[in-house]
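The following text leads a new reader through one protein chain. Please keep the sequence and the structure in view while reading.

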Amino acid sequence: MAEILVLGAGMVGVSTALALQARGHAVSLVDRGAPGRETSFGNAGIIQAEAAEPYGLPRDLSTLWSFATGRSNDVTWSLRGVTQMAPALWSYFLNSAPRRHAGISRTYAQLTARATQDHAPLIEAAGAGNMVSREGMVQLYRNRAAFEADAADAERLQRDYGVRHRVLAGADYRREDPALRADPAGVIHWPDSWSCNAPGCLVHAYAKLFASRGGRLLEGDASSLVQSGGGWRVTTVAERAEAEHAVVALGPWSPALLRRFGYRIPMIYKRGYHGHYTTVRPPLRPIVDMDNGVVAGQMQAGLRIATGAALVSRTAPADLRQLDRGRAALSDMLEIGDRIAEPQWTGTRPCLPGMLPLAGAAPRHKGLWFHFGHGHQGFTLGPTTANLLAAALEGEESDLSRALAPGRGL
């Protein structure tokens, strides 16, 4: 048995604590706030079993031009933000080339294929089944050409990775989901994905499960991490916690902490927003509006609309253009009422240029472990990569764990 500090109590960190605890280790989970209140709180709440291929950076000129000119609602940007992230964006562009992306996807698909089965025992043990729907998710199209192209690509994903799907005419799907106000051009239904009506609450339920099994939840600042003798120490409100191992699972805050230890980790910070709205008829399943770059799904707090990516400085003020455009565009398909008054949430997806998360030992520091960089899929993949990291900490290796191990060039 080893003593282990896990820094960060989002989905990735809490899942890491549970996976290590399940192997008999004494684990302390450290965060500056309550579990699940940062990036994990505000996502679309989908466990994306269908996401066999990670989001690559488009390489066709027409799409890039639509991003550059602001015609697409999928991505907004600022000159300062793009300039700050330029080296990482260039590496991301290179890794998105078809051959490289295909190789990355062969690894990535092995992770998403396990996502729901790795969440399932935690959902049951945490008593959180009432938060999770197993109805899948849908991609909705108004543009027929885009629908037909993506339907053909869905056939490829099923052939290559075994990802199940249904392709439906818009009128047929509208009969299935009476929340729709008009017939879209078509819909692709991914039945094996799950959705959660309170993502932050699910993370909190996992954290309570960890505590009920004897784990320690400590309030503290991860930036206090230092080497101490043969191990690691972090200062918390209650004490100075020491352990043989420390796992950095801080999502977008990870590179800043690790820079103090000499690691230079390029990251693309994709900011996102959400808002909640009243609605008389919530959709049967979460809807990805493929024409307008937003996701809509019913949450405990109301109909949540979540945005795509904003490539802006980490300190940039909130800019709700994507959210406002998405809400306006979705009103042709869903009856959307008033915005529910609440503090404006914003979060950052920690995307690495290679599109695979890091889950493994730090190259130059004994007992230090990396577990971050999940991009859009931290909520989906937290338990899966946590199991891989827990196995690696005990010396177990596989082709998959080696693919996620931090490189020597960091």
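How much of the chain over residues 4-391 is helix, and how much is strand? The model is a predicted one, and over this range the chain is 34% helix and 25% strand. The end C-alpha atoms of the range lie 14 Å apart. Residues 4-391 are also the range that an unreviewed UniProt entry annotates as "domain: FAD dependent oxidoreductase".

Apart from neighbours within four places in sequence, isoleucine 4 has contacts with Leu20, His25, Ala26, Val27, Ser28, Ala243, His245, Val247 and Leu393. Alanine 185 is 181 residues away from isoleucine 4 along the chain, and 52 Å separate the C-alpha atoms of the two.

Next come the helices. Helix α6 (residues 115-125) packs against helix α9 (residues 199-212) at an angle of about 70 degrees, and the two axes are 9 Å apart. An angle from 65 to 115 degrees counts as roughly perpendicular, and therefore α6 and α9 are described that way. On the α6 side the contact is made by His119, Leu122, Ile123 and Ala125, and on the α9 side by Leu202, Tyr206 and Leu209. Sorted by class, this contact of α6 with α9 has 6 nonpolar residues, 1 polar residue and no charged residues.

Helix α6 also packs against helix α12 (residues 378-393), here at an angle of about 85 degrees and with axes 8 Å apart. The angle makes α6 roughly perpendicular to α12. From α6, Ala115, Asp118, His119 and Leu122 take part, while α12 contributes Phe379, Thr380, Leu381, Pro383, Thr384 and Asn387. By class, the contact of α6 with α12 has 5 nonpolar, 4 polar and 1 charged residues.

The last stop is a loop. Serine 193 sits between β8 (186-190) and β9 (194-196), in the loop that links them. Is serine 193 buried or exposed? Its relative accessibility is 1%, so serine 193 counts as buried. Its side chain reaches the backbone nitrogen of alanine 49 at 3.2 Å. Not counting residues up to four places away in sequence, serine 193 touches Ile46, Ile47, Gln48, Ala49 and Glu50, as well as Arg134, Glu135, Gly136 and Met137.

Terms used: Residues are numbered from 1 along each chain as its sequence is written. This is a predicted model: local features need pLDDT of at least 70, side-chain atom pairs count only at pLDDT 80 or more; totals for chains, interfaces and linings use all residues. Side-chain values use heavy atoms; hydrogens and water are left out. Helices (H or I, at least four residues) and strands (E, at least two) are DSSP runs, numbered from the N terminus. Buried means under 20% relative accessible area, exposed over 50%, partly exposed in between (1.4 Å probe, protein chains only). A polar contact is a pair of N or O atoms within 3.5 Å; within protein, one must be able to donate a hydrogen and the other to accept it, and residues adjacent in sequence count only if both atoms are side-chain atoms. Contact means heavy atoms within 4.5 Å. Axes are lines fitted to C-alpha atoms, for helices over the stretch in contact, and angles run from 0 to 180 degrees between N-to-C directions. Angles under 35 degrees count as roughly parallel, over 145 as roughly antiparallel, 65 to 115 as roughly perpendicular and the rest as oblique. Ala, Val, Leu, Ile, Met, Phe, Trp, Tyr, Cys and Pro count as nonpolar, Asp, Glu, Lys and Arg as charged, and the others, Gly among them, as polar. UniProt positions are given in the numbering used here, feature names are shortened, and annotations may be inferred rather than shown by experiment.
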